[in-house]
Amino acid sequence: MKKIYVALLVLILVVLSQEIFHPLFVFNRIDYLLYPYDLRGVAKAVIYIITYVSTIYIFMIILGLRSFVFFMFFLLIIFILYSIDFFVQFLGVIHGFSMNEYALAMNEAGNIKNLLTYIYEIIYAIGLSLLFVFILYMIRIKIYKVRFSKRYLLTALIPLFLVYFAASKVGTIHLSSYTPLVKIPAIALEYKMKFRAIKDRFFSDKIKPSQKGKINNIIWVVDESIAGSYLSINGYKKDTTPYLRSMLKNTQKVSNFGIVNSISNCSAESNLFLRIGMSPDMNVDFLKARYDLPTIFQYAKRAGYTTWLFDSQASKDHLQDYLTIYDKEDIDHFETLDSKVDPKDRDRVFLDKYIKIINNRGKNEKNFIVVVKFGAHWPYFLAYDHAYSPFTPAMETSLGGMDMEHKEKQINTYLNAIVYSTDLYFKKLVSKLDLSDTVVFYTSDHGQNILETNSMKRTHCNADIVVKNEVSVPLMIFHDNAKELFPVNKNLYYSQIQIFPTTLSLMGYGKEIVNKYGKTLSDGFLKSEERKYFLLNVRKINVYK
């Protein structure tokens with residue numbers, strides 16, 4: 001009889017912890033799966049219940065392990081997994097840890113120290129997880145006296161594979177719906193199985209430029225976390241881009257396409273999609289295309305350009321944003337920075353490097369350069385030199401502050417980062433870089449959600465609640481005669497997905513190749529057309545019109 005009591009007690013613990021702010025989450029999920037519009041609804045609900053009850057079985061095995069050492073080891077594992085899930089929930093992600101968070105963690109592994117921005121959420125998560133495992137410990141000591149051999153642990157693997165199978169075969173059951181003990185290992189397995197390149201990208205020998213490149217030096221500057229709506233050049237109330245605003249008014253060197261939609265609200269996805277020209281309107285299988293479509297570096301090499309990738313975010317010699325060892329073969333020069341380089345200095349180091357490359361190039365030398373900036377990466381306090389702090393009050397530390405009480409300070413800190421990362425950056429670029437035969441495309445991977453809702457504390461890569469600013473980015477082009485070469489039609493709108501086909505055209509590729517990737521910036525889109533972006537790696541939804 002005690003086994004039943006213990007099972008019920010563990011079930012209550014698991015249900016309450018699955019979604020701490022909405023304890024009836026499990027029952028809501030079951031009700032959703034039973035919806036009659038899907039004839040398989042009952043089957044889905046049954047599968048969900050079985051897999052959920054199976055996770056209780058795992059807890060029962062762990063609680064009853066004869067070896068106290070083994071019990072404590074698995075209790076530590078439970079503590080770690082639940083701490084992770086609670087932390088994500090405290091960030092405002094109601095379902096807890098998911099594939100989205102795992103992909104983000106893989107991408108941001110080199111910036112793990114930045115999690116201290118959420119120091120209070122970390123403390124809350126650790127505290128709650130300690131309470132959770134303490135209750136489990138007391139159940140074993142005071143109530144549950146049944147003991148099992150270690151061989152029973154093998155049977156505990158069954159629920160893991162059951163959950164993995166159910167989630168992969170039944171689309172409306174998502175891995176994030178399960179308990180951390182099961183879903184986090186299953187998500188890691190899913191990521192390894194489906195989000196990993198296994199071969200080189202196919203690039204037909206028949207694909208060749210039809211003419212000589214129109215521009216000898218093409219540079220992509222892909223910023224980090226710059227929302228186009230926060231730039232005064234795009235109408236923001238505070239003057240965050242005084243230099244660019246003056247430049248737009250008084251020179252021909254910049255063409256401003258305004259606020260455009262980003263291709264994704266996650267860094268890794270945006271950088272990957274920009275690199276392969278992926279757009280939501282392509283009639284291709286997403287999971288296959290992400291590792292099959294040729295990269296812009298392959299096109300550049302074929303057109304006779306020397307290729308460069310400067311990544312200010314990645315750790316030394318680390319590949320991120322789904323860049324594979326095969327992709328790297330088409331990059332002649334790939335550079336990252338040692339972690340000793342201060343965040344605020346990282347973009348300046350590479351700016352100086354590519355200015356020298358362009359200004360000292362040979363007469364017939366062609367260069368294609370992609371710069372992944374550190375930009376206004378959170379915590380914003382670390383992203384700029386505090387000698388440039390026009391907006392106050394601002395945060396005085398990178399610890400904490402992601403709450404409504406500090407919203408004004410967080411926004412001002414972010415605006416200071418924009419001045420430093422965008423306006424002052426381009427002030428130096430335009431004054432030092434030879435733009436006579438150089439085109440610089442400027443955009444950002446995604447925008448920012450700075451406490452725009454009470455529930456969401458994460459600034460981007462959200463799934464349940466996606467605010468407009470999170471997928472709003474700038475798009476500008478720099479050249480000595482940018483306004484004439486790249487005119488902006490105020491009756492049209494533009495998207496960063498147009499950077500890829502526009503670049504192919506500049507490299508000398510013909511329309512039959514360029515048009516496969518959509519419209520160039522010479523065309524734009526009609527106001528009535530849908531604006532789309534990728535969400536959560538596999539779905540696409542419409543954005544504002």
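This is a predicted model: local features need pLDDT of at least 70, side-chain atom pairs count only at pLDDT 80 or more; totals for chains, interfaces and linings use all residues.
In what order do the seven strands of the open sheet run? The order is S2-S7-S6-S1-S5-S3-S4, and the pairing is mixed.

- Strand S2 (254-261) and strand S4 (333-336) are the edge strands, each pairing on one side only.
- On average, neighbouring strands of this sheet are turned by 10 degrees against each other, direction ignored.
- Six bridges join strand S1 (residues 217-223) to strand S5 (residues 367-372) in the parallel sense.
- Opposite Val370 in S5 stands Trp220.
- Lying across S1, S5 and strand S6 (438-444) is helix H10 (residues 267-276), which runs at about 160 degrees to S1.

**A helix pair**
- Helix H4 (residues 68-90) and helix H6 (residues 119-143) have axes that come within 8 Å and cross at roughly 145 degrees.
- The crossing of H4 past H6 is right-handed.
- Their contact involves 20 nonpolar, two polar and two charged residues.

**Aromatic rings**
- There are 31 aromatic pairs in the structure.
- Tyr380 and Tyr414 form a tilted pair, because their ring centres are 4.9 Å apart and their planes stand at 55 degrees.
- Tyr380 sits in the loop between S5 and helix H15 (407-432), and Tyr414 lies in helix H15, 34 residues apart.
- Tyr380 is buried at a relative accessible area of 2%, and Tyr414 is buried at 0%.
- Phe426 and Tyr442 make an edge-to-face pair, since their planes are at 75 degrees, with ring centres 4.7 Å apart.
- One aromatic cluster is made up of Phe203, Tyr299, Phe500, Tyr509 and Tyr517.

Key: Residues are numbered from 1 along each chain as its sequence is written. Side-chain values use heavy atoms; hydrogens and water are left out. Two strands pair if DSSP finds at least two bridges between them. Helices (H or I, at least four residues) and strands (E, at least two) are DSSP runs, numbered from the N terminus. Axes are lines fitted to C-alpha atoms, for helices over the stretch in contact, and angles run from 0 to 180 degrees between N-to-C directions. Contact means heavy atoms within 4.5 Å. A crossing is left-handed if the near helix is turned anticlockwise from the far one by less than a right angle, and right-handed if clockwise. Ala, Val, Leu, Ile, Met, Phe, Trp, Tyr, Cys and Pro count as nonpolar, Asp, Glu, Lys and Arg as charged, and the others, Gly among them, as polar. Rings of Phe, Tyr and Trp (its six-membered ring) pair if their centres lie within 6.5 Å; planes under 30 degrees apart count as stacked, over 60 as edge-to-face and the rest as tilted. Buried means under 20% relative accessible area, exposed over 50%, partly exposed in between (1.4 Å probe, protein chains only).
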